[in-house]
Amino acid sequence: MSTLLIRTVIIYLLVFGVVRLTGKRQISDMQPFDLVITLLIADLSSTPISDSSTPLLFGIIPILTLFLLHRTVAFLALKSQQIRSLVCGHPIIVISKGVVDEQALKAANYTLNDLIEQMRLKDVFAFSQVEYAILETNGSLSVLKNNSVCDPDAPTALLLSDGKPILTALQAMGLDEIWLQKRLNALGIKRYKQCLFACMEGDELLAQTKAKRIKDAKSLKIKLKV
């Protein structure tokens, strides 16, 4: 029992020291490389603690090796833009001048629901509020609001996504596909598959057409009768 206690204390102090030396960022702020190292260290540290037959050095040496690898890569990333880009990636602009970049979302494996959720976490509840939105390398979303637009009375309600109506959302608002199609027709969108998304923002319906290039996409809006 005393041996197990000593092994646990040693591994704890080692892991604590390594984590402290690798940086003070929270899990949500970590770059992918930092997160992988942290998960590997956590896994390696559990083996010598739970299995007393495993030599203590079998846990200490891999942990120290990962720590040295992390410090080496971090140093090289500070010195080289190419290595930093390879390890951390690039920020991705997902909304530019108020228009959602469909190709950027696909490149980031991001859905419209993911985007709306991250916007809400930034206290942004409507696409029309956003001038630019940037998906950072750590997965967080940075938002530059359009100050000329007033805050909406209610959060954005997504009614159509990637050319497909969201029936549950329409039903929840007492609407149907016929109502949606008529409003899209009024915006010049004849078929659902031409539309990247359509959503309710207060008393307006906002829709954006699909396009391979963001400059070809159109953000359209129609005011609804009260």
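Helix α1 passes helix α2 in a right-handed crossing, the term for a near helix turned clockwise from the far one by less than a right angle. The model is predicted, so local features need pLDDT of at least 70 and side-chain atom pairs count only at pLDDT 80 or more, while totals for chains, interfaces and linings use all residues. Residues are numbered from 1 along each chain as its sequence is written, and side-chain values use heavy atoms, with hydrogens and water left out. Helices are DSSP runs of H or I with at least four residues, numbered from the N terminus.

**Helices α1 and α2**

- Two packed helices are described by the angle between their axes and the distance between the axes.
- The axes of α1 (residues 2–22) and α2 (residues 32–50) come within 9 Å and cross at roughly 165°; axes are lines fitted to C-alpha atoms over the stretch in contact, and angles run from 0 to 180 degrees between N-to-C directions.
- That angle makes α1 roughly antiparallel to α2, a label for angles over 145 degrees.
- On the α1 side, L4, R7, T8, I11, V15 and V18 meet I41, S45, P48 and I49 of α2, where contact means heavy atoms within 4.5 Å.
- The residues of this contact divide into seven nonpolar, two polar and one charged; Ala, Val, Leu, Ile, Met, Phe, Trp, Tyr, Cys and Pro count as nonpolar, Asp, Glu, Lys and Arg as charged, and the others, Gly among them, as polar.

**Helices α2 and α3**

- The axes of α2 and α3 (residues 57–79) come within 9 Å and cross at roughly 170°.
- α2 and α3 are therefore roughly antiparallel to each other.
- F33, D34, I37, L40, I41, L44, S45 and P48 in α2 meet G59, P62, I63, L66, L69, H70 and V73 in α3.
- By class, the contact of α2 with α3 has eleven nonpolar, three polar and one charged residues.

**Residue G59**

- G59 lies in helix α3 and is buried, with a relative accessible area of 0%; buried means under 20% relative accessible area, computed with a 1.4 Å probe on protein chains only.
- Leaving aside residues up to four places away in sequence, G59 touches L44 and P48.
- G59 and I49 are ten residues apart in sequence, and their C-alpha atoms are 8.8 Å apart in space.

**Cysteines**

- The count of disulfides comes to zero, a disulfide being a pair of cysteine sulfur atoms within 2.5 Å.
- C195 is in no disulfide, and the nearest cysteine sulfur, that of C199, is 9.1 Å away.
- C195 is buried, with a relative accessible area of 0%.
- C199 also counts as buried, at 0% relative accessibility.

Key: Helix = DSSP H or I, 4+ residues; strand = E, 2+ residues; numbered from the N terminus. Parallel < 35°, antiparallel > 145°, perpendicular 65-115°, else oblique. Buried < 20%, exposed > 50% of the residue type's maximum accessible area, 1.4 Å probe, protein only.
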